[in-house]
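Here's a quick walk through one protein model, with a few spots worth looking at on screen. Have the viewer open as you read.

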Amino acid sequence: MKLMYLNGEMTGREVELLPSGVTIGRESDNVVQLLMDGVSRYHAKIDCDASGNWMIRDLGSTNGTFIDDVSVHDPVPLRNGAVLTIGTQLLRCVDGSGSATSGSVPVSPAQPQAQPQPSSLPQQDASQQIPPQPAFFFRPKSCDPTRQLSVEPEPPKAAPKAKSKSGEHGKSFFGKDSAKKEPSDRMKKLIGNVIFTLIVIIAAFIGIIVFLLLNHDSRQESGGQTPTREKVSNPFVLYYEKESVTGTSVFRFTLQVENGLMEVTLDEPLNKRRYYELFKEPLPENLVNKLKQQILDSGFLDLQQEKIAGTSQDNSQHRRIMVGFDNKFCDVKVANDVSETFNHAESIIYETLLDEYDLGVISQNVDQILEDAKRFLFVADEAYRSIDTTPSNLPKAITNYRLALRRYALFEDPKPAAWLTAKNGLAEAEAKLESIRTEGNKTVKLYYELKEYEKAIAECNRLLDIFPPDSKTHKSIRETKLRIERKLSMGDK
């Protein structure tokens, strides 16, 4: 079994399916790599079962896998001639000979059907009767591939003209042929075309004269000056790039906003860090307006590339910001911190976009990430060791453990050694917090049943100091405390 490309740059080429299995996706380690829209990193896989049948299954892709326009979830057998759709790529399943059966391949509507041959003609070989299938695949559903080309009916023949009364051969009184007096149908059609062409030319000439007269009058009203055109308002576009090269280590991060959609990429091969995301939801209009106003106020749009010193002194690292909207545009690239205005614009991008969409960690290189993770782990350990005297530090310890773990999770196995320390610390802190919650609820319930409402309220206050105000536990304890206070105020003993 093979896969034939039906569209794109690889149209007509074939890929042999391997008994060990074929993976399809955007990553380079796939057997079939598809670098196009709608394809996940690991999109689908084709295996050969024990009976020798080829089976395809979707690997949890975002846009799904389709066979003949039917979505695939569980393993489904591949038949000869089936059309496989992954993203915008079309692939045809063909047998070992490299061609699918003619019955399973849709016929392009643009391809005329073969006309039936008269029975009297000699029979041809089967290979000559069936035209070869094209390499491309035309699949708009609005077209019917089975429709036949209609044949235009012949015009009815004109009835024979009656003979002239003046003579047997249609002669007139003066002996001339009466049929020659009037022009033929062809001559009438030619004359009509000439008249129509003259009318169009005259109408166009009149239109030009009217336009020139109106333009002349408008120029006189404006003092002889040509009216200025309305300024074009271009949509908002933003591009941010940060790249550094140190020895064999390469780090490159890009962020692009165009047509309201944001696209983010990260590539750090040496540390096996790769990230790509195209946000499907457009940026909120108020966020874009805020970003435009902040960049405008920062003075970045007034920067000039040639006036920034040091942009070409260090090629090992650089940063670039390109912004355009309305009739404003600026594109500046720097190699170090020589421009305070550039740094201000860069901080605006971080605070307004990267932090808003939680992408700040992704835009950092390995050294920055490890430094931040080490700092968060230190704060978490210090907070956890002080919970005996200050129980309210327990949520702080959990938060910093999670921040450290999130940065260590960006690395592929084997992960840094501190990752296990942060993982164990988080598990222990979360277990401690759950124990406090369980024991506290029991204590409040016991005091409530004993009608010792003041002690129950005091225990609620202790728990409220420990749990974060935005947590569900904090909300539940607060509601319990209010209920006990109402009961106490009613004098229920």
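## Ground rules

Angles between axes under 35 degrees count as roughly parallel, over 145 as roughly antiparallel, 65 to 115 as roughly perpendicular, and the rest as oblique. Keep that handy for the helix pair below.

This is a predicted model, so local features need pLDDT of at least 70 and side-chain atom pairs count only at pLDDT 80 or more, while totals for chains, interfaces and linings use all residues. Residues are numbered from 1 along each chain as its sequence is written, and side-chain values use heavy atoms, with hydrogens and water left out.

## The chain overall

The chain has nine helices and 17 strands; these are DSSP runs numbered from the N terminus, with helices being H or I of at least four residues and strands E of at least two.

Take contacts (heavy atoms within 4.5 Å) between residues at least 6 apart in sequence: 48% of them join residues at least 24 apart.

## Helices α5 and α6

Two packed helices are described by the angle between their axes and the distance between the axes. Here, α5 (residues 366-385) and α6 (residues 393-408) have axes that come within 8 Å and cross at roughly 155 degrees. Those axes are lines fitted to C-alpha atoms, for helices over the stretch in contact, and angles run from 0 to 180 degrees between N-to-C directions. The two helices are therefore roughly antiparallel to each other.

Among the α5 residues that meet α6 are Ile369, Leu370, Phe376 and Leu377, and the α6 side includes Leu394, Tyr401 and Leu403. Also in this stretch, arginine 375 lies over the face of phenylalanine 376, 4.7 Å from the ring centre (the rule: NZ of Lys or CZ of Arg within 6 Å of the ring centre and within 35 degrees of the ring normal).

## Aromatic pairs

There are six aromatic pairs in the structure. One of them, tyrosine 240 with tyrosine 350, is edge-to-face, at 6.0 Å centre to centre and 80 degrees between the planes. Tyrosine 240 sits in strand β12 (residues 234-246) and tyrosine 350 in helix α4 (residues 340-354), so the pair ties together parts 110 residues apart in sequence.

For pairing, ring centres of Phe, Tyr and Trp (its six-membered ring) must lie within 6.5 Å; planes under 30 degrees apart are stacked, over 60 edge-to-face, and the rest tilted.

Leaving aside neighbours within four places in sequence, lysine 481 is in contact with Ile457, Cys460, Asn461 and Leu464.
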